[in-house]
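User: Please walk me through reading this structure, one feature at a time.

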Amino acid sequence: MQQLLSAPIFHQIGQTADELGLECYVVGGYVRDLFLERPSKDIDCVVVDPHQSSQKEKEGGTGPGIALAQTLKNKLGHKAHLSVFKNFGTAQLSYPSPSEEDGRGAVEFVGARSESYSRDSRKPIVEDGTLEDDLDRRDFTINALAVCLNSERFGELIDQFDGLLDMEDRLIATPLDPDITFSDDPLRMMRCVRFATQLRFQIEEETQEALVRNAERIRIISQERIIDELNKIMLSPRPSIGFVELSRAGLLPIIFPELAAMEGVEVKNGRAHKDNFYHTLEVLDNVAVATNGDNDGLWLRWAALLHDIGKPRSKRWDPIAGWTFKNHNYVGQKMVAPIFRRMKLPLDERMHYVEKLVGLHMRPIAIADEEVTDSAVRRLLFEAGEDIDDLMLLCEADITSKNAERKRTFLHNFQLVREKLRDLQERDNYRTWQNPITGEEIMETFGLGPCREIGTLKQAVKDAIWESRIPNTHEAAREYMLQLAAEMGLKLGSATSIS
């Protein structure tokens, strides 16, 4: 342990604590990640004054955590920066650190405390406490580890809840009664699932049962806190684990009813559809593999999670075809904005990106299932624009058929679609294509106000270009427009002449 804490900052903290007559411990996630050999930047220190009563600490107005941070800041000089939060009894110290990518490290100091909760809030009543009190209030045993930094006991591990054994057994368990842990702060239920997903740990049986019993308590948690945990699950190497655990715990129908509605298989006349929930999770995992380590891939993962979200609402039984989900992509596209709004996800271009991919995700599959024509690929490229590569990745991830031959055929045809895309991008630059004929030009040419004929002419010109019936030039497009307008009975405006 002494070797794991070899960075100079830990010895500087310990020496300063000794000088002030304080005890200081590194606690929580940083200690956990040392044992799991995971990178961790968040260093949390709990500081205990063994000679000071609670009353004296209140009268002093700072507490041992802030006192230690202030003294250490003075030692480190002007290059260290200190932020003090007196209302919370905490202080954060930023210091130069060549071992960090950005050249700086940070440590948060807090005095040891105990917590109690009221039934209708996750905001605790905080009082001064001992180290044991502080470890009692931790969410999980693997986060209730502490290592002493004082010189005489440097590197000594305090593990009063057998967190190391739980790490060896790859278990998520609570230090105290899990019903109390989750009822006091229901956000811990989301954190439980998130840690199980990120670490690939199992949730201990008693803890799992307590999740189910306390699931309804999640309703007192703000949507912003829930979505923060949900996004961390989404960015895990295998996010499906988290959604399965949310479903097992009974949390999913509460926080994401549209996704929960996808689970299950209905059978009629001996014919069943696939379980769209588990299919979706397989697609999500496929996308996660393709975007591993890419935080920008979060929104592509959301598109994967929502790509079939319209299926429960579009499901129909046809006596001949069996179960159908016609237009589920368009139904799902319309569901994206309400879901993002309710879940406090961004309503900007990131939401529109997800909407676009959900709406278009059937198009490459339809093209690949038939003859791959230039006109069909042109249409796809124009509508997908800069997001065409992500759309193709999503569609390839969507091929989860257990029929190996069918899967090979689709993937082969997708490769043909990709080749057509590259060819057309190089030849026609359709990624940034715009119709040579605008609505304004049509109105001016024929002396029209807004009317249905304008859209008809624009669409006809676009179709003719995409199907290679006319060149992609303004001259050819205008000539075709005039010819079609004459067939429709439109006449040139009085102030307009044909050039």
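User: Which elements each supply at least two residues of the lining of the second largest pocket?

Analyst: Rolling a probe the size of a water molecule over the atoms shows where empty space is left. A pocket is an open set of points on a 1 Å grid over the protein atoms alone, where a 1.4 Å probe fits, with protein on both sides within 12 Å along at least five of seven lines; lining residues have an atom within 4 Å of a point. Here α14 (276-290), β15 (322-324) and α22 (404-428) each give at least two lining residues. Helices (H or I, at least four residues) and strands (E, at least two) are DSSP runs, numbered from the N terminus. This is a predicted model, where local features need pLDDT of at least 70, side-chain atom pairs need 80 or more, and totals for chains, interfaces and linings use all residues. Residues are numbered from 1 along each chain, and side-chain values use heavy atoms, without hydrogens or water.

User: What is the volume of the second largest pocket, and which residues are closest to its centre?

Analyst: About 580 Å³, taken as the space filled by probe spheres set on the points. Of 22 lining residues, K274, H279, K311, D398 and R406 lie closest to the centre. The lining divides into seven nonpolar, seven polar and eight charged residues; Asp, Glu, Lys and Arg count as charged.

User: In what order do the strands of the open sheet run?

Analyst: Two strands pair if DSSP finds at least two bridges between them. Seven strands run β3-β4-β5-β2-β1-β8-β9, with mixed pairing. β3 (81-85) and β9 (157-158) are the edges; each has a single partner strand, so one side of each lacks a neighbour in the sheet. β3 pairs antiparallel with β4 (90-96) over five bridges. L82 faces L93 across that pair, and H81 has S94 as its bridge partner. The hairpin has four residues between β3 and β4, and G89 takes a positive phi near 70°. β4 also pairs antiparallel with β5, over seven bridges; A91 stands opposite F109 there.

User: How far should I trust the coordinates?

Analyst: pLDDT is the predictor's confidence in each residue, from 0 to 100. The chain mean is 87, and 90% of residues reach 70 or more. Over residues 53-60 pLDDT is below 50, and that stretch has seven contacts beyond near neighbours in sequence. Contact means heavy atoms within 4.5 Å. Residues 494-499 also stay under 50, with six contacts beyond four places in sequence. Where pLDDT is low, the predicted coordinates should not be read in detail.
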